[in-house]
Amino acid sequence: MNITQLARLPFSGNGAWSELRRLDLSIPFLAWVVVVPMSFLPPVLLYYAGTQYGDAFMQGFGDKEWRFITTILFLAELLTFFVMGWLIHAVMGSHQLKISYQDAYLLAAIAPLPLWLSSLALLVPMLAVSVVAVFAALFLSCALVYQGVRSFCERSDNDVVVMSATYTVMASSLLAWGVLMAMVWAF
């Protein structure tokens, strides 16, 4: 699978997702090769922004305990992957949609990729750039969940059950993301 096929995932139905599914990636492989390395990006870049830009980025940004915050953020991101895989499987089951645990965890590993990559915006010392990047990443992450659920559950486009399941998963994901961000600002 190449970068072009990965870029098509939020906008395509079964084609790219079927190819990703055919790779038959195990849950430990996803955790070690995708989730752990990508989960390092936000804490490392947040630490960089907090220690290098300080209050020039945002008032009060430089006074935080970035070592503690970023360590907790990294651990919370890892925990979130395992919870979200279980949640995706449970939500699909409650909507009478069939998805394997392996596919649920594949979706849990792929869906946050835009959010992890949006942390690269922290390399630019402007809050507006980071805000735009996060909103674009949230949109792409929602699209990934919808297309992934639709493809893995073998449903047609504009399926109301898939939309409902996606809404439930994304609401839970946004809640978890909100808690992570609140934790960052609280310390």
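Author: Let's start with one term: a residue is buried when its relative accessible area is under 20%. Keep in mind, too, that this is a predicted model.

Reader: OK, let me try that out. Is S130 buried or exposed?

Author: Its relative accessible area is 10%, and that is under the 20% cut-off, so S130 is buried. You'll find S130 in helix α7. Setting aside residues within four places in sequence, S130 is in contact with F57, A121 and L122.

Reader: What about a residue in a loop? Where is S119 found?

Author: S119 sits in the loop between α6 and α7. With a relative accessible area of 6%, S119 is buried. Beyond its neighbours within four places in sequence, S119 is in contact with L41, P42 and L45.

Reader: Now the inside of the protein. How many residues does the largest nonpolar core have?

Author: To read a core, find how many residues it holds, then which of them have the most contacts, then which elements supply them. The largest nonpolar core here has 41 residues, and the ones with the most contacts inside it are W17, F81, I88, M92, I110 and V149. Two or more residues each come from α2 (14-22), α3 (27-52), α4 (66-94), α5 (101-110), α6 (113-118), α7 (127-152) and α8 (160-186). The top contributor is α4, with eight residues.

Reader: Let me zoom in on one of them. Which residues does F81 touch, leaving out those up to four places away in sequence?

Author: F81 touches L30, A31, V35, Y105, A108 and A109 on that count. There is also another core, apart from the largest one, with 14 residues, including Y53, F61, A76 and M183.

Reader: On to helix pairs. At what angle do the axes of α3 and α4 cross?

Author: For any pair, take the angle and the distance between axes, then the handedness, then the residues that meet. The α3 and α4 axes cross at roughly 155 degrees and come within 9 Å. An angle over 145 degrees counts as roughly antiparallel, so that is how α3 runs relative to α4. Their crossing is right-handed. On the α3 side the contact includes L30, A31, V35 and F40, and on the α4 side it includes W66, F74, F81 and F82. Sorted by class, the contact of α3 with α4 has 15 nonpolar, four polar and two charged residues.

Reader: Next pair, then. How do α4 and α5 cross?

Author: Their axes cross at roughly 130 degrees and come within 8 Å. That angle makes α4 and α5 oblique to each other. The crossing is right-handed here as well. F81, G85, W86 and I88 are among the α4 residues in the contact, and Y101, Y105 and L107 are among those of α5. By class, the contact of α4 with α5 holds eleven nonpolar, two polar and no charged residues.

Reader: And at what angle do α7 and α8 pack?

Author: About 140 degrees, with the axes 9 Å apart. So α7 is oblique to α8. The two make a right-handed crossing. From α7 the contact takes in L138, V145 and V149, among others, and from α8 it includes T166, M170 and W177. Its residues divide into twelve nonpolar, two polar and one charged.

Reader: V145 is in that contact. What is V145 in contact with, leaving aside its neighbours within four places in sequence?

Author: L107, A111, T166, V169 and M170. V145 is buried, at a relative accessible area of 2%. Another pair to look at: V145 and W86 are 59 residues apart in sequence and 14 Å apart C-alpha to C-alpha.

How values were computed. Residues are numbered from 1 along each chain as its sequence is written. This is a predicted model: local features need pLDDT of at least 70, side-chain atom pairs count only at pLDDT 80 or more; totals for chains, interfaces and linings use all residues. Side-chain values use heavy atoms; hydrogens and water are left out. A nonpolar core is a set of buried Ala, Val, Leu, Ile, Met, Phe, Trp, Tyr and Cys residues joined through side-chain atoms within 4.5 Å. Buried means under 20% relative accessible area, exposed over 50%, partly exposed in between (1.4 Å probe, protein chains only). Helices (H or I, at least four residues) and strands (E, at least two) are DSSP runs, numbered from the N terminus. Contact means heavy atoms within 4.5 Å. Axes are lines fitted to C-alpha atoms, for helices over the stretch in contact, and angles run from 0 to 180 degrees between N-to-C directions. Angles under 35 degrees count as roughly parallel, over 145 as roughly antiparallel, 65 to 115 as roughly perpendicular and the rest as oblique. A crossing is left-handed if the near helix is turned anticlockwise from the far one by less than a right angle, and right-handed if clockwise. Ala, Val, Leu, Ile, Met, Phe, Trp, Tyr, Cys and Pro count as nonpolar, Asp, Glu, Lys and Arg as charged, and the others, Gly among them, as polar.
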